[in-house]
Amino acid sequence: MENIESNIAQLQEILTEFADAKKDCTLFVKNAAERGDIIIGSFCQYAPMEVINAAGMYNVLLCGFNYDPPIPLAETELPSNLCPLIKSSYGNILGKTCPFAFFSDLIVGETTCDGKKKMYEMLAELKGMHVIHLPNIPDKKRSLEAWREEILRFKEALEAQFHVEITDEKLRKAIAVQNIERSQMAQLYELGKLDPPAATGLQMRSVLVSEYFMMDKQEKIRKTERMLQLMRENWAAGKGPYAPDERPLRILVSGAGLDGVVNKTLAVIEELGAAIVCYEGCCGIMNMRRPVDESAEDPITAIAEKYLEVPCAVMSPNHSRFEQLKDTLDEWRVDGVISITVHACNPFDIESKAIGDICAEKGVPFLHVRTDYSPGDEGQIRTRLEAFIEMLESNRGR
Ligand code: SF4
Ligand code: SF4
């Protein structure tokens, strides 16, 4: 008993470190910049982390998750009917309220959605930018060569600007580390398969985001390993986040741009007693399960192949995302799917129709919530989530 109490306390300590990672990273990045270390800011899952890490540089996430002050400021230059993630990211850089952008020596963007592409053109006036051109056909034959060239061009740009050499050996080491991180994230999602789940959806999200803000990779890997072990042990002892006889509704969350709406969506779902057992999309399980091939002769090609398979709605057509969703619904025995999209995110909003159709085919109830980062719709969203969860509960009672 003493042991389990100590395990619970240790797990809480690690989870608090993950939750505080972004805050704690500010000082780390400032000190690193003062030491002359190179900081690369990025926005997206398509930014090839392995190349940045192989160059011995730090990669920080610049996506804005907050409304005020960045969004009102961004709207002085950008259209107000633009995705809040884009406005928040731009506004934080324009108003110098993002310390990570402030200390970044270079920002890497990628041509995903139109809003981002155009925002990067304006960002280039404020900071040094390198834009990687992403082909939007997820078909190896038609896109791999061009995409590989873009990743190579990025590697060469880092080498030329910062006078470093990124050898194949360094790339291979960085690939191995990144694969461990992905595999750990996949293992965390796997804990959602248990009944009741051994991790909450909010815990999963917090660990996911911390990837960009825990700069000592080995330390992060060690902590995550310990966290996974503690979660498994606590669950086996009946001390997981849910009581052993609890059977919370099992929710799959789909969508993008969610980190700015956690409190009014993800937190409410779990506060209402349901469990987010997995995520779908670029940060979801399928992306984490797919490693970069460590045995490939050419590491750049291996990186390009993996990133071309990121299941993002900017790809067209996006059949693999839909096929993957079917498997995830079965594997995680999902009771309901909630698609959360932010205003003006056309790619994900439009694909929500296909997600809903797949759910209908599989007999899984589906809810689509559209929101943005501004306050005001919390009550309305809560009401819709409550109604959906009540409906799932009554289905279960039948
Ligand atoms: S949803 Fe697509 S564009 Fe947005 S971060 Fe993920 S991969 Fe990048
Ligand atoms: S949430 Fe949608 S519109 Fe916004 S940056 Fe991501 S893909 Fe683009």
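## Ligand 1

In this report Ala, Val, Leu, Ile, Met, Phe, Trp, Tyr, Cys and Pro count as nonpolar, Asp, Glu, Lys and Arg as charged, and the others, Gly among them, as polar. On that basis, the shell around ligand 1 has seven nonpolar, two polar and no charged residues. The residues that surround ligand 1 are Cys44, Gln45, Tyr46, Thr112, Ala256, Cys282, Val310, Cys312 and Val314; a residue is near a molecule if its C-beta atom, placed from the backbone, lies within 6 Å of it.

The model is predicted: local features need pLDDT of at least 70, side-chain atom pairs count only at pLDDT 80 or more, and totals for chains, interfaces and linings use all residues. Residues are numbered from 1 along each chain as its sequence is written, and chains are lettered from A and ligands numbered from 1 in the order in which they are written.

## Ligand 2

Around ligand 2 there are 14 residues, of which Cys83, Leu85, Cys113, Gly257 and Cys345 come nearest. Helix 5 (84–94), helix 7 (114–123) and helix 16 each give two or more residues to this shell. Helices (H or I, at least four residues) and strands (E, at least two) are DSSP runs, numbered from the N terminus. By class, the shell around ligand 2 has 10 nonpolar, three polar and one charged residues.

## Helix 16

Helix 16 covers residues 346–362. Helix 16 bends by about 30° at Ser352, the bend being the angle between axes fitted to the seven residues ending there and the seven starting there. Gly363, which follows the helix, has a positive phi, near 75°.

Pro347, Phe348, Glu351, Ser352, Ile355 and Cys359 are the buried residues of helix 16. A residue is buried if 20 or more other C-beta atoms lie within 10 Å of its own, exposed if 12 or fewer, and partly exposed in between. The buried residues of helix 16 pack against strand 5 (250–255), helix 15 (319–331), strand 7 (336–342) and strand 8 (366–371).

## Thr371 in strand 8

Thr371 lies in strand 8 and counts as buried because it has 21 C-beta neighbours inside 10 Å. Not counting residues up to four places away in sequence, Thr371 touches Val261, Lys264, Thr265, Ile340, Val342, Asp377 and Ile381; two residues are in contact if their C-beta atoms, placed from the backbone, lie within 7 Å. Thr371 and Ile381 are 10 residues apart along the chain, and their C-alpha atoms are separated by 8.3 Å.

Note on methods
Expected span 1.5 Å × (residues − 1).
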